[in-house]
Amino acid sequence: MIEIKERLALSARPGKLTLIREGMFLKCYQQSLFSLVHTVYPDIKVTGRRIKKLGGQAVFSGGFPETVLAKVLPDARLTDWGAEADTDNIEEVAYQSWLTTPPLWKTMAWVM
């Protein structure tokens, strides 16, 4: 299983939308989730939680069954850890604004 720091590093790669395999699901985090929400899947359920290992940092994620990958991202490539697709680089100001949007914070589990 990939540690949370590795998941976040994979998710933050410029020009890549990263989906990490977790059981039967593919999940994306932070920047990759932002890309997914703003390009092909605006209605994905976003959840968040504070991660004790990261000093209580808020981490947001969303996912879907791996079986629907071809419908959601037809150009995605499978990897050892999940899948990835090329995407435009995200605009940092828009991403930071999205992170602080009240509806997103309503999904937050305030458990460490």
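These are my notebook entries on a predicted model.

**Cores.** I began with the largest nonpolar core, which has 22 residues. Leu 19, Leu 33, Leu 36, Phe 64, Leu 69 and Leu 73 are the members that touch the most others. I then looked up where the core comes from: strands S1 (16-22), S2 (25-29), S4 (57-65) and S6 (82-86), together with helices H2 (30-39), H3 (69-72) and H4, each give at least two residues. H2 supplies the largest share, 4 residues. A separate core of 8 residues lies apart from this one, and I noted Ile 4, Ile 20, Tyr 29 and Leu 54 among its members. For background, nonpolar side chains in soluble globular proteins tend to be buried together.

**Leu 69.** I listed the contacts of Leu 69, leaving out residues up to four places away in sequence. They are Leu 19, Leu 26, Phe 64, Pro 74, Ala 76, Leu 78 and Ala 83.

**Helix H4.** Which residues of H4 (residues 92-99) are buried? I found Tyr 95, Trp 98 and Leu 99. Viewed down the helix axis they fall within an arc of 100°, so they line one face of H4. The general rule is that an α-helix has 3.6 residues a turn, so residues three or four places apart point the same way.

**Gln 30.** Most residues other than glycine have a negative phi. Gln 30 is buried, at 5% relative accessibility.

**Salt bridges.** I found 8 salt bridges in the structure. Arg 7 and Glu 22 pair at 3.1 Å, N to O. Arg 7 is in helix H1 and Glu 22 in strand S1, so this pair ties together parts 15 residues apart in sequence. Arg 7 has 10% relative accessibility and counts as buried. Glu 22 also meets Lys 27, at 3.7 Å, N to O. Lys 27 is partly exposed, at 23%.

I next took Lys 16 and Asp 86, whose closest N and O atoms are 2.6 Å apart. Lys 16 lies in S1 and Asp 86 in S6, so the bridge ties together parts 70 residues apart in sequence. Lys 16 is partly exposed at 22% relative accessibility, and Asp 86 is exposed at 53%. Shared partners join Arg 13, Lys 16, Arg 77, Glu 84 and Asp 86 into one network of salt bridges.

**Glu 3.** Last, I looked up Glu 3, in the segment before helix H1 (4-11). Glu 3 is partly exposed, with a relative accessible area of 42%.

Methods. Residues numbered from 1 in each chain as written. Predicted model: local features only at pLDDT ≥ 70, side-chain atom pairs only at ≥ 80, totals over all residues. Heavy atoms only, no water. Buried < 20%, exposed > 50% of the residue type's maximum accessible area, 1.4 Å probe, protein only. Arc of directions from axis to C-beta. Core = buried A, V, L, I, M, F, W, Y, C linked by side-chain atoms within 4.5 Å. Contact = heavy atoms within 4.5 Å. Salt bridge = Lys/Arg side-chain N within 4 Å of Asp/Glu carboxyl O.
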